[in-house]
Amino acid sequence: MNMDLDQSFLRELPKVDQLLKHKEIDNLTATIPRRIVVEAVRTAIDEMRQMILMGSYAGDPEQILPWVIRRTVEIAQSSTRSNLRRVINATGVVLHTNLGRARLAQSAKKAVETVADACCNLEMNLNTGKRGSRYEPVENLLTRLTGAEAALVVNNNAAAVLLALGTMAKGKEVIVSRGQLVEIGGSFRIPEVMEQSGAVLVEVGATNKTHPRDYQSKISDNTALLLHVHTSNYRIVGFTKETTVTELVQMGREAGLPVMSDLGSGFLVDLARYGLPKEPSVQETVAAGADIVTFSGDKLLGGPQAGIIVGKRNYIDQMKKNPLTRAVRIDKFTVAALEATLREYMDEEKVLHRIPTLSMLTQPVKDILNRAQQLKQELTPLLDSLTTVEIIPGFSQVGGGSMPTAELPTYLLALTHRQLPAQELATRLRMGEPAVVARVQEEKLQLDLRTVQANEIGLLAQMIIRAVKGECGS
């Protein structure tokens, strides 16, 4: 492109004031703040200017103004869109950390809405009119459900471990098996959390085998705690041996030391009855004699993000007095959602249907197939002849650092487009409203219906059709 042509194109660029008077742009200010619209206008003009100068604009000069107008509208509208958007999870990962992990039960959502819409008695005892505890509503439920003497809830499980170690073992030694020094999400590791707590890590045993004698050999006058970390996000198989919580408790009683068990992804229902791998439950760990048990609220429990601490009252009371508790405390929304979630567990017959996480993990595979068939029936007549739709068997995952070896049989809806690569379809779905996140395998776009709710099928069908026709994310 020669310089004369560059200049003629540049002369077609509209001025900011001129563009702001254009009807389509002026209409934006009815719903979008004028400041944002002005910024969008300047950005759109600058983008076109750079395209012209770089020689990458291949259109006609008379198309410059329409392009800038369209681009201004896109920028202005995207600037007002919430960054935290609704997503239809078609990955088959039930507890997808990147997608917010556990879906809340209906009762939990209503509880959050109630306290969001009005004031609440978060720290007031309405019977006495005096200050109360924000932990009381959930503490009573947790002790009833787990059999523990007392309970405390903080903002996540890493904080629970940090608080417990900082209270019970600051400046003293904590003995833990090498095979349990796990790395959790975001590359954070148990040794690093322990270091922040002020506790001194003492590793014992080997990566694959740790015996009771390994702990016993390291117990000293400076030992404050025996720690057991359940490896909920990975498994070592083969020539292995781990010391159990029961064995640690016996050792701790003999040495006069407390035992803490970090379950990571703790649960209150025996999911092994429904074909999932056997995992230690919170109740079993408390019954085994652990003095303190920590676990997450937004994993297998199926509630909001929280770190739950249950155990002996004397240790819990010490934690409540620790200044760190103030820094990691939960807010009214977590209290409301967690209380409602825990109340669902009081009805063992209905909890599997009312907690979405448990429902997705235990649902019969025939129900998943029914949803896949329903979606296929809605799509097939509306997609062009270039796209094929088929139902294929597959496996879902628990996710969220839980049950890493579990493979849940499922059914996938697989789409193949003769002209568009599967990755392009996946990108278009992610850019839609709502966004849809799916898998891409074997050059096919695959949607796992285990994690798609029945009431999302119709909307999902619409988003797929729009993506195939290039009406979103293109």
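In which helix do D46 and R49 both lie? Both are in helix α4 (residues 34-54), three residues apart, about one turn of the helix; helices are DSSP runs of H or I with at least four residues, numbered from the N terminus. This is a predicted model, in which local features need pLDDT of at least 70, side-chain atom pairs count only at pLDDT 80 or more, and totals for chains, interfaces and linings use all residues. Residues are numbered from 1 along each chain as its sequence is written, and side-chain values use heavy atoms, with hydrogens and water left out.

**Salt bridges**

- A salt bridge is a side-chain nitrogen of Lys or Arg within 4 Å of a carboxyl oxygen of Asp or Glu, and the count by this rule is 22.
- D46 is partly exposed because its relative accessibility is 36%, where partly exposed lies between buried (under 20% relative accessible area) and exposed (over 50%), with a 1.4 Å probe and protein chains only.
- R49, at 32% relative accessibility, is also partly exposed.
- In helix α5 (residues 64-80), E74 and R71 lie three residues apart, and their side chains meet in a salt bridge of 3.1 Å, N to O.
- E74 is partly exposed at 44%, as is R71 at 25%.
- R439 and D448 are joined by a salt bridge of 2.7 Å, N to O, and both residues are buried.
- E123, R131, R134 and R329 belong to one network, joined by salt bridges that share partners.

Conventions
Helix = DSSP H or I, 4+ residues; strand = E, 2+ residues; numbered from the N terminus.
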